[in-house]
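Work through the exercises below with the sequence and the coordinates open. Try each task before reading its solution.

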Amino acid sequence: MENWIFLIISLIIMIAGLIGTVLPLLPGIPLIYVGYVIYGFASHWQYYGLTAMIVWGAITLLIIWLDYYAGPLGAKKFGASSAGVWGSIIGGILGIVFLGLIGIIAGPFLGAVIGELLAGRNQRQALRSGWGTFVGFIGGSLFKIIVGLTMIGSFLWWVILK
């Protein structure tokens with residue numbers, strides 16, 4: 001019976017992690033991995049073992065790395081200067097605080113544009129950097145959602161369906 005309790009706890013944590021793949025306030029993929037760890041300990045690893053934990057652990061670390069470096073690299077790809085990159089980071093934080101869900105997208109875009117304008121770039125260059133930030137955010141979010149759904153799907157397969 002107690003495994004069901006841990007299953008529910010793990011699934012709640014995984015759902016929070018899936019939400020966190022879009023909301024930067026929650027560490028999405030790491031939370032999903034924590035769900036694996038909790039249920040693994042509770043079930044004495046009878047449904048999945050070391051191989052699954054190593055593979056998902058490596059993917060989790062890769063996602064964490066990508067979260068830190070993909071945004072700035074994507075912005076640079078669209079021609080952003082360091083002012084635009086920092087503007088998008090600051091704009092993202094302020095956007096969430098002052099605009100809520102809309103600020104998740106609008107904040108980094110506006111921050112990148114304002115950062116570029118303050119750095120002396122023209123309006124076209126600033127908008128291009130803002131667009132790069134938007135494209136990077138959407139691409140990264142979609143990738144994290146796909147990975148998160150795959151992690152949760154494989155968990156459900158191993159624990160419930162298999």
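Predicted model: local features only at pLDDT ≥ 70, side-chain atom pairs only at ≥ 80, totals over all residues.

**Exercise 1. A nonpolar patch**

Solution. 

Step 1. List the members. The patch consists of Trp86, Ile89, Ile90, Ile93, Leu94, Val97, Phe98, Leu99 and Ile102. Together they have about 990 Å² of accessible area.

Step 2. Assign the members to elements. Helix H4 (residues 82–99) gives the most, with eight residues.

Step 3. Take one member. Ile93 is found in helix H4. Its relative accessibility is 54%, and exposed means over 50%, so Ile93 counts as exposed.

**Exercise 2. Helix H2 and what follows**

Solution. 

Step 1. Helix H2 covers residues 28–42, which is 15 residues. At 1.5 Å a residue the span should be 21 Å. The end C-alpha atoms are 22 Å apart, which agrees.

Step 2. Collect the buried residues. In H2 they are Gly28, Ile29, Ile32, Tyr33, Gly35, Tyr36, Tyr39, Gly40 and Ala42.

Step 3. Move on to His44, which follows H2. His44 lies in the loop between H2 and H3. Its phi is near 60°, a positive value in a residue other than glycine. At 68% relative accessible area, His44 is exposed.

Step 4. Take Trp45, also placed in the loop between H2 and H3. Trp45 is not a glycine either, yet its phi is positive, about 60°. Its relative accessibility is 32%, so Trp45 counts as partly exposed.

**Exercise 3. Aromatic pairs**

Count the aromatic pairs, then work out the geometry and placement of two of them.

Solution. 

Step 1. The count comes to 11 aromatic pairs.

Step 2. Tyr36 and Trp56 form one of these pairs, with 6.3 Å centre to centre and 40° between the planes. Planes under 30 degrees apart count as stacked and over 60 as edge-to-face. The Tyr36 and Trp56 pair is therefore tilted.

Step 3. Tyr36 is in helix H2 and Trp56 in helix H3 (residues 50–77), 20 residues apart. Tyr36 is buried at 0% relative accessible area. Trp56 is buried too, at 9%.

Step 4. The centres are 6.0 Å apart, with 35° between the planes, and the pair is tilted. Tyr48 is in the loop between H2 and H3, while Trp158 is in helix H6 (residues 123–161). This pair links parts of the chain 110 residues apart. Tyr48 is buried, with a relative accessible area of 5%.

Step 5. Widen the view. Tyr36, Tyr39, Phe41, Trp45, Tyr47, Tyr48, Trp56, Phe155 and Trp158 form one aromatic cluster.

**Exercise 4. The salt bridge**

How many salt bridges does the count come to? Identify the partners and their exposure.

Solution. 

Step 1. The count comes to one salt bridge.

Step 2. The side chains of Glu116 and Arg121 meet in a salt bridge, at 3.6 Å from N to O. The cut-off is 4 Å.

Step 3. Glu116 has 0% relative accessibility and counts as buried. Arg121 has 26% and counts as partly exposed.

**Exercise 5. The whole protein**

Solution. 

Step 1. The protein has six helices and zero strands. From the N terminus on, the order is α-α-α-α-α-α.

Step 2. Along the principal axes, the C-alpha atoms fill a box of roughly 65 × 30 × 20 Å.

Step 3. Of the 162 residues, 36% are buried.

Key: Residues numbered from 1 in each chain as written. Heavy atoms only, no water. Buried < 20%, exposed > 50% of the residue type's maximum accessible area, 1.4 Å probe, protein only. Helix = DSSP H or I, 4+ residues; strand = E, 2+ residues; numbered from the N terminus. Expected span 1.5 Å × (residues − 1). Phe/Tyr/Trp six-rings, centres within 6.5 Å; stacked < 30°, edge-to-face > 60°. Patch = residues over 30% accessible without salt bridge, like charges linked within 9 Å, V, L, I, M, F, W, Y side chains within 5 Å. Areas by Shrake-Rupley, 256 points an atom, 1.4 Å probe, with all protein chains shown as cover.
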